[in-house]
Amino acid sequence: MAGNFVQSMAQMAYCYNNVVLPTLRTLLKSYYEIYSVETDTSKISNLLDVYGGCDLILLDKRNYTISGVASRIQIVDEPYDTFTVRLQRDSGSPTEFEKRTFAMSNECIYPKFTFQAYASKEDFRLLSMAVIRTQDLYKFIEKNCPQVKHTGENQIGQAIFIPCKWQDLRAAGFAVSIFHTEETL
């Protein structure tokens, strides 16, 4: 079981560094510099990741501002085209839903944007990805109460989560930037 977890983490790291980040850099053009908090070993990066929920930092070179980004990458057969927000873990440890809700209501650091990508199980190519303002995602959850689901029984780290379909968010009037590879259209 531990071997599968390590292999899965290695696959996600590969997808993140070699597939997702280069595509994101291309989509953001030259306006932004992207810094990975998860691959930096400094104390400040660890604090931003663990307590602030920021996996990436975007530096907007046009107005010299920085924003945090929460990111999730899933390796799948077919993309779900949803943002998934963990609501509860079987382990009882705090989830991003709890941490983000608290941070937003108490004016603490939290990711300004939430990003989700899906990569192919077969060859790790990017299938689809989307970005939304984190506040908009949580407003959608609050107003629309999407259906709650439980992770598959074979998944390591069982959790209850909220899947929010990208198209449902758009239909509700929220700005969602969506990217699909030509093969997934």
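## The loop at Asp 81

Asp 81 lies in the loop between β3 and β4, where helices (H or I, at least four residues) and strands (E, at least two) are DSSP runs numbered from the N terminus. The model is a predicted one, in which local features need pLDDT of at least 70 and side-chain atom pairs count only at pLDDT 80 or more, while totals for chains, interfaces and linings use all residues. Residues are numbered from 1 along each chain as its sequence is written, and side-chain values use heavy atoms, with hydrogens and water left out.

Phi of Asp 81 is near 50°, a positive value in a residue other than glycine. With a relative accessible area of 21%, Asp 81 is partly exposed; buried means under 20% relative accessible area, exposed over 50%, and partly exposed in between (1.4 Å probe, protein chains only). A positive phi is also found at Glu 107, near 55° and again in a residue other than glycine. Glu 107 belongs to the loop between α3 (96-105) and β5, and counts as exposed at 76% relative accessibility.

## Overall architecture

The chain holds five helices and nine strands, which follow the pattern α-β-α-β-β-β-α-β-β-α-β-β-α-β along the sequence. Of its 185 residues, 38% count as buried. Among contacts (heavy atoms within 4.5 Å) between residues at least 6 apart in sequence, 60% join residues at least 24 apart.

## The sheet of β4, β8 and β7

Three strands form an open sheet in the order β4-β8-β7, with antiparallel pairing; two strands pair if DSSP finds at least two bridges between them. The edges are taken by β4 (82-89) and β7 (149-150), each of which has a single partner strand, so one side of each is left without a neighbour in the sheet. Between β4 and strand β8 (residues 159-165) the antiparallel pairing runs over seven bridges, and Thr 82 has Lys 165 of β8 as its bridge partner.

## Nonpolar cores

A nonpolar core is a set of buried Ala, Val, Leu, Ile, Met, Phe, Trp, Tyr and Cys residues joined through side-chain atoms within 4.5 Å. The largest one has 19 residues, and those with the most contacts inside it are Val 20, Leu 24, Ile 34, Leu 56, Phe 115, Ala 117 and Met 129. Two or more residues each come from α1 (2-27), β2 (56-60), β3 (65-76), β5 (113-120) and β6, with α1 giving the most, six residues. Apart from this core lies another, of 17 residues, among them Tyr 118, Leu 137, Tyr 138 and Cys 164.

Leaving aside its neighbours within four places in sequence, Ile 34 is in contact with Leu 21, Leu 24, Arg 25, Leu 28, Leu 56, Ile 57 and Leu 58.

## Surface and the end of β6

The chain exposes about 11100 Å², of which carbon and sulfur atoms supply 52%; accessible areas come from the Shrake-Rupley method with a 1.4 Å probe, and for residues only the protein chains shown count as cover. Ile 44, Leu 47, Val 50 and Tyr 51 make a nonpolar surface patch of about 410 Å². Patches are made of residues with over 30% relative accessible area and no salt bridge, like charges being joined within 9 Å and nonpolar side chains (Val, Leu, Ile, Met, Phe, Trp, Tyr) within 5 Å; a salt bridge is a side-chain nitrogen of Lys or Arg within 4 Å of a carboxyl oxygen of Asp or Glu. Ile 44 lies in helix α2 (residues 43-50) and is exposed, with a relative accessible area of 56%.

Arg 133, in strand β6 (residues 126-133), counts as partly exposed at 36% relative accessibility. Its contacts, leaving aside neighbours within four places in sequence, are with Lys 112 and Phe 113.
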